[in-house]
Amino acid sequence: QVQVVESGGGLVQPGGSLILSCAISGDFLRVYGMGWYRQAPGKQRELVATETSGGSINYGDSSKGRFSFSRNNDKNIVYLRMNSLEPEDTAVYYCKANIRRQWGRDPNDYWGQGTQVTVSS
């Protein structure tokens, strides 16, 4: 079993900041690329920030300049620091991890359950 668990969501006022965390646990060999996505009510899931195969970070248009992705490789934890939050950032934020569980088999994507972020005064 592999667990992808997000934390850090909550209610924040417009202009505020929040830091989300995503931790991987369970039975696996290696964690490759990780990323953050979000889904607002009535909308499709969209990219927030994700690692590329080259090691850089690809940000969605709505998060560029305000959000920052970081990773602790030793602990297989990624963070999303969100600044200057706006009501439009209200969504469930999901973490995705590409994980290899067995040598000789392709890695697969695993998703967390999501953490709610609400930006409101």
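I count two strands as paired if DSSP finds at least two bridges between them, and I take strands (E, at least two residues) and helices (H or I, at least four) as DSSP runs, numbered from the N terminus. This is a predicted model, in which local features need pLDDT of at least 70 and side-chain atom pairs count only at pLDDT 80 or more, while totals for chains, interfaces and linings use all residues. Residues are numbered from 1 along each chain as its sequence is written, and side-chain values use heavy atoms, with hydrogens and water left out.

**Entry 1: the overall fold**

I looked up the secondary structure and found zero helices and 11 strands, which read along the sequence as β-β-β-β-β-β-β-β-β-β-β. The radius of gyration (taken over C-alpha atoms) is 14 Å, close to the 14 Å from the globule rule (2.2 Å times the number of residues to the power 0.38) for 121 residues, so the protein is as compact as a globular protein of that length. The C-alpha trace spans about 50 × 25 × 25 Å along its principal axes.

I then asked for burial, where buried means under 20% relative accessible area, exposed over 50% and partly exposed in between, with a 1.4 Å probe and protein chains only. Buried residues make up 36% of the 121 residues. For contacts (heavy atoms within 4.5 Å), I noted that residues 24 or more positions apart account for 56% of those with a separation of 6 or more.

**Entry 2: the four-stranded sheet**

I followed an open sheet of four strands in the order β1-β3-β8-β7, with antiparallel pairing. Its edge strands are β1 and β7 (67-72), each of which pairs on one side only. The twist averages 15° from one strand to the next, with axes taken as lines fitted to C-alpha atoms (for helices over the stretch in contact) and angles running from 0 to 180 degrees between N-to-C directions.

Going through the pairs, I found six bridges joining β1 to β3, which run antiparallel, and among the residues there Val-2 has Gly-26 in β3 as its bridge partner. Six bridges also join β3 to strand β8 (residues 77-82), again antiparallel. Across that pairing, Leu-20 stands opposite Leu-80 in β8, and Cys-22 stands opposite Val-78 in β8.

**Entry 3: the disulfide**

How many disulfides does a search of the whole structure find? With a disulfide taken as a pair of cysteine sulfur atoms within 2.5 Å, the search finds one. Cys-22 and Cys-95 form this disulfide, with their sulfur atoms 2.1 Å apart. The pair links distant parts of the chain, since Cys-22 lies in strand β3 (residues 18-26) and Cys-95 in strand β9 (residues 91-100), 73 residues apart. The torsion about their S-S bond is about -85°, so the disulfide is left-handed. I checked the accessibility of both ends: Cys-22 is buried at 0%, and Cys-95 is buried with a relative accessible area of 0%.

**Entry 4: Val-4 beside the cysteines**

I turned to Val-4, which sits in strand β1 (residues 2-7) and is buried, with a relative accessible area of 9%. Leaving out residues up to four places away in sequence, Val-4 touches Cys-22, Ala-23, Ile-24, Cys-95, Tyr-110, Trp-111, Gly-112 and Gln-113. The C-alpha atoms of Val-4 and Ala-97 are separated by 7.6 Å, although these residues are 93 apart along the chain.

**Entry 5: the nonpolar core**

I defined a nonpolar core as a set of buried Ala, Val, Leu, Ile, Met, Phe, Trp, Tyr and Cys residues joined through side-chain atoms within 4.5 Å. The largest has 26 residues, of which Ile-24, Trp-36, Leu-80, Met-82 and Tyr-93 touch the most other members. At least two residues each come from β1, β3, β4 (30-39), β5 (46-51), β7, β8, β9 and β11 (115-119), and β9 gives the most, with five residues.

**Entry 6: two loop residues with positive phi**

I also looked up Asn-76, in the loop between β7 and β8, where phi is near 50°, a positive value in a residue other than glycine. Ser-84, in the loop between β8 and β9, likewise has a positive phi near 50°. Asn-76 counts as buried at 16% relative accessibility, whereas Ser-84 counts as partly exposed at 41%.
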